There are 2 protein chains.
Amino acid sequence: MENLLVIQSGGPTAVINSSLAGVIRCCFERKREIGKVYGGRNGIEGVENERIVSLDLFENEENLRLLKQTPSSYLGSCRMRLPDFTEDTKPYEKLLSVLEKYKIGCLCCIGGNDSMDTVNKLNTYVSAVGKALKVVGIPKTVDNDLALTDHSPGYGSAAKFVANSMRQLALDTDVYEMPSAVIVEAMGRNAGWLTAASALANNRDFSAADIICLPETVFDSERFLEKVQAVARVKKTVMIAVSEGIKNKNGEYFKTENQDLTKRNDKFGHAALGGAGKAVETLVAQSLGIKTRCIELSTLQRCFSVQASLCDVEEAFLAGYKGAEFAIDGKSGIMAGFKRTSDNPYNVEIAAFPVNQVANFEKKLPMDMITDDGFGVTEKFIDYASPLIAGEPELIYKNGRLSFAPFI
Amino acid sequence: MENLLVIQSGGPTAVINSSLAGVIRCCFERKREIGKVYGGRNGIEGVENERIVSLDLFENEENLRLLKQTPSSYLGSCRMRLPDFTEDTKPYEKLLSVLEKYKIGCLCCIGGNDSMDTVNKLNTYVSAVGKALKVVGIPKTVDNDLALTDHSPGYGSAAKFVANSMRQLALDTDVYEMPSAVIVEAMGRNAGWLTAASALANNRDFSAADIICLPETVFDSERFLEKVQAVARVKKTVMIAVSEGIKNKNGEYFKTENQDLTKRNDKFGHAALGGAGKAVETLVAQSLGIKTRCIELSTLQRCFSVQASLCDVEEAFLAGYKGAEFAIDGKSGIMAGFKRTSDNPYNVEIAAFPVNQVANFEKKLPMDMITDDGFGVTEKFIDYASPLIAGEPELIYKNGRLSFAPFI
């Protein structure tokens with residue numbers, strides 16, 4: 001009987017391990033069709049080096065439950081990119097030899113854009129060389145920028161962290177009588193989904209995100225300062241959410257003078273950002289002379305399982321489960337994603353999307369979710385994102401410490 | 001019948017409003033002895049300006065429950081410092097005229113060191129001029145630096161946020177195979193209690209705080225880098241917790257070159273810090289050449305009610321309740337604090353401490369809670385702090401958003 005191998009790659013999220021739990025559960029439930037479920041450490045990089053582990057410890061229900069609430073990639077991650085196989089087949093041959101050794105018939109890859117590129121290339125290669133391996137992608141990204149799927153697991157929990165952080169910070173900031181501005185920097189190089197989630201902090205009688213600066217719009221300092229002044233005239237505390245990837249009209253990242261972004265590119269050519277919030281803080285402080293504070297939500301926003309959304313945890317599990325099921329049922333070159341059938345009541349269906357239409361695209365916030373002045377989001381976004389942050393999972397703590405799955 | 005006035009001052013915490021709820025509840029329960037319960041907005045500054053509000057809306061149990069989980073100072077805060085009354089009686093006379101107008105017989109002040117200074121001065125003044133006003137302090141500080149009391153409400157929740165953030169960040173950081181160091185900056189100008197709480201993230205098979213840099217010890221760059229190297233030899237990811245207030249052997253704050261601290265003093269003469277983490281990050285990156293990341297836990301650590309400790313929420317309520325009771329029973333010039341009677345099982349008793357022995361002292365981490373090399377904490381600290389982060393309150397959310405008490 002053939003086995004299934006699951007790997008994780010890209011940046012961690014609060015629920016990527018819930019997807020892993022879903023894959024594992026599916027394999028255990030379909031033992032007549034699939035043999036063992038293996039995990040590959042550090043993505044395809046680890047597979048190449050035969051760093052394959054058994055996941056049998058998760059037959060234990062308690063361990064599986066702990067896995068669902070363990071943030072970050074349990075199996076580790078990598079940022080290795082496969083070459084085009086028409087140019088270099090070596091990494092492919094190496095991978096396939098390891099997969100054959102472990103009798104892997106199904107490979108599930110939980111990850112974001114770059115991981116879907118890997119799924120796509122690997123699937124294209126095995127089709128071309130006539131191998132029977134099934135390769136399936138399971139979406140994961142706090143950036144929510146994967147194409148075709150309505151949304152991606154990981155986003156809901158990160159969005160919830162952003163929204164509730166804004167709410168709590170707005171109260172924290174408002175205690176003194178002095179006018180002030182708080183700049184909160186959220187993740188999202190090119191897609192503003194996570195920064196937009198700050199708007200979920202607002203309700204009828206409480207504004208916790210007054211101005212939202214997105215990478216989809218041009219960051220015009222003058223218009224921005226006018227907006228800050230307009231808010232400051234009616235509100236003591238100006239709460240500003242800023243995407244790490246805001247850009248000026250020339251398409252350059254908005255930054256303070258002494259930042260050199262060129263040195264900090266990762267293997268995929270993405271700039272490692274940081275500092276947009278500080279740059280905006282400096283701008284506000286220098287121009288308006290009010291008290292300012294910049295808060296970077298940092299990697300906490302992607303790994304804070306304490307603030308996970310139940311919807312997200314359950315959907316991540318489902319995507320993992322269904323992804324494994326697709327592979328076991330013979331599908332390949334697809335990603336298990338979501339089709340939304342209704343906003344209210346919220347309802348989604350799992351669908352198999354062709355991964356070659358997902359890989360290397362970035363789904364940005366559409367213009368009809370951004371207000372005309374570019375500094376806010378529309379009701380359409382609120383309706384879209386609200387269900388994704390709903391519900392709180394029952395978490396297991398031990399003496400105040402969040403419990404994690406046992407390490408292997 | 002006389003009334004009670006409650007005010008809040010100093011920096012916000014996750015549970016300062018639980019103390020407010022305790023004061024309010026006590027007043028409602030002792031209606032035969034106390035008339036109305038009023039809140040003063042923005043501490044004594046608001047009282048001077050007669051910004052007094054009724055707190056009757058909290059007779060509603062649901063509102064009171066929401067108040068307990070609302071972070072930050074519901075009534076607002078101030079940083080006003082009373083002068084010595086032998087030099088200037090005007091602010092005292094102004095305050096007393098307002099208090100007399102509202103027939104205030106009891107004043108409860110929820111706050112930290114500076115607030116206890118206010119309680120002390122006001123109590124000394126009313127004694128000197130023969131007024132019957134009872135003035136009682138209720139402790140609140142994430143810094144845990146108030147004297148006499150075993151610990152202060154606010155600390156347990158902030159400590160829990162620090163510990164669980166370290167745990168989640170350690171997992172987040174560990175996903176790649178590349179060696180790296182993460183520097184996490186926690187609050188605490190002169191007292192390392194909150195930075196020390198990072199050690200609560202560790203357990204037998206998981207080290208999430210490898211090196212802890214406290215303001216109580218001298219920060220010696222060379223010895224620190226040796227320690228980092230020693231950890232890096234045995235562990236891929238070096239997790240470092242740094243207090244915002246670490247100092248070199250000359251007692252100067254450790255900082256990067258371009259920071260000018262002198263411009264950022266508050267009204268009490270405290271330096272507004274920030275940047276110790278970044279300075280340590282630069283040091284590590286330049287000296288060891290490994291990947292580094294600095295994460296400032298920022299004001300999130302003091303206002304993140306989502307991660308509150310049940311022990312802290314309940315004790316904050318109790319301190320508020322008992323503080324009001326002390327005042328109603330005729331005590332004045334005291335602070336309602338805790339005496340620990342046992343670590344295991346954890347047990348405390350409420351006690352009335354003389355506020356003149358609390359005001360303007362800073363309780364630092366004692367040397368027997370710090371390891372000999374200065375880069376860690378002892379079991380004594382773990383035994384002390386563990387019970388304070390225990391338990392999770394049942395929080396009320398609405399569609400994924402943490403609910404707050406209605407605004408007045």
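Mentor: The model is a predicted one, and every value below is to be read accordingly. Another lysine placed over a ring is A:K68, which lies over the face of A:F317 at 4.4 Å from the ring centre.

A pair of aromatic rings is described by the distance of the centres and the angle of the planes. Over all chains, the structure holds 33 aromatic pairs. In one of them, the ring centres of A:F85 and A:Y125 are 5.3 Å apart and the planes stand at 75°, so the pair is edge-to-face. This pair links distant parts of the chain, 40 residues apart: A:F85 is in the loop between helix 3 (61-68) and helix 4 (90-101) of chain A, and A:Y125 is in helix 5 (residues 113-129) of chain A. With 6% relative accessibility, A:Y125 counts as buried.

In chain B, the rings of B:W193 and B:Y384 have centres 5.2 Å apart and planes at 45°, so this pair is tilted. B:W193 belongs to helix 7 (residues 193-196) of chain B and B:Y384 to helix 12 (residues 379-385) of chain B, so the pair ties together parts that are 191 residues apart in sequence. Both B:W193 and B:Y384 are buried. In chain A, ring pairs link A:Y155, A:W193, A:F381 and A:Y384 into a cluster.

Charged pairs form the next topic. Side chains of opposite charge can pair when their charged atoms come close. The count comes to 42 salt bridges over all chains. One of these joins A:R30 and A:E325, at 3.7 Å from N to O. A:R30 lies in the loop between helix 1 (16-29) and strand 2 (37-40) of chain A, while A:E325 lies in helix 11 (residues 310-328) of chain A, so the pair ties together parts that are 295 residues apart in sequence. Both A:R30 and A:E325 are buried. A network of salt bridges links A:R30, A:E33, A:K322, A:E325 and A:D329.

In chain B, B:R30 forms a salt bridge with B:D329, the closest N and O atoms being 2.7 Å apart. B:R30 counts as buried at 14% relative accessibility, whereas B:D329 is partly exposed, with a relative accessible area of 48%. B:R340 and B:D343 also meet in a salt bridge (2.6 Å, N to O); B:R340 is buried at 18% relative accessible area, and B:D343 is partly exposed at 39%.

The account ends with a strand of chain B. Seven of the seven residues of strand 6 (residues 180-186) of chain B are buried, so this strand is largely enclosed by the rest of the structure. Seven bridges join strand 6 of chain B to strand 8 (residues 237-243) of chain B, and the two run parallel; there, B:V182 has B:M239 as its bridge partner. Strand 6 of chain B also pairs in the parallel sense with strand 9 (residues 291-296) of chain B, over six bridges, where B:V184 stands opposite B:I295.

Terms used: Residues numbered from 1 in each chain as written. Chains lettered and ligands numbered in written order. Predicted model: local features only at pLDDT ≥ 70, side-chain atom pairs only at ≥ 80, totals over all residues. Heavy atoms only, no water. Phe/Tyr/Trp six-rings, centres within 6.5 Å; stacked < 30°, edge-to-face > 60°. Helix = DSSP H or I, 4+ residues; strand = E, 2+ residues; numbered from the N terminus. Buried < 20%, exposed > 50% of the residue type's maximum accessible area, 1.4 Å probe, protein only. Lys NZ or Arg CZ within 6 Å of the ring centre and 35° of its normal. Salt bridge = Lys/Arg side-chain N within 4 Å of Asp/Glu carboxyl O. Pairing = 2+ DSSP bridges.
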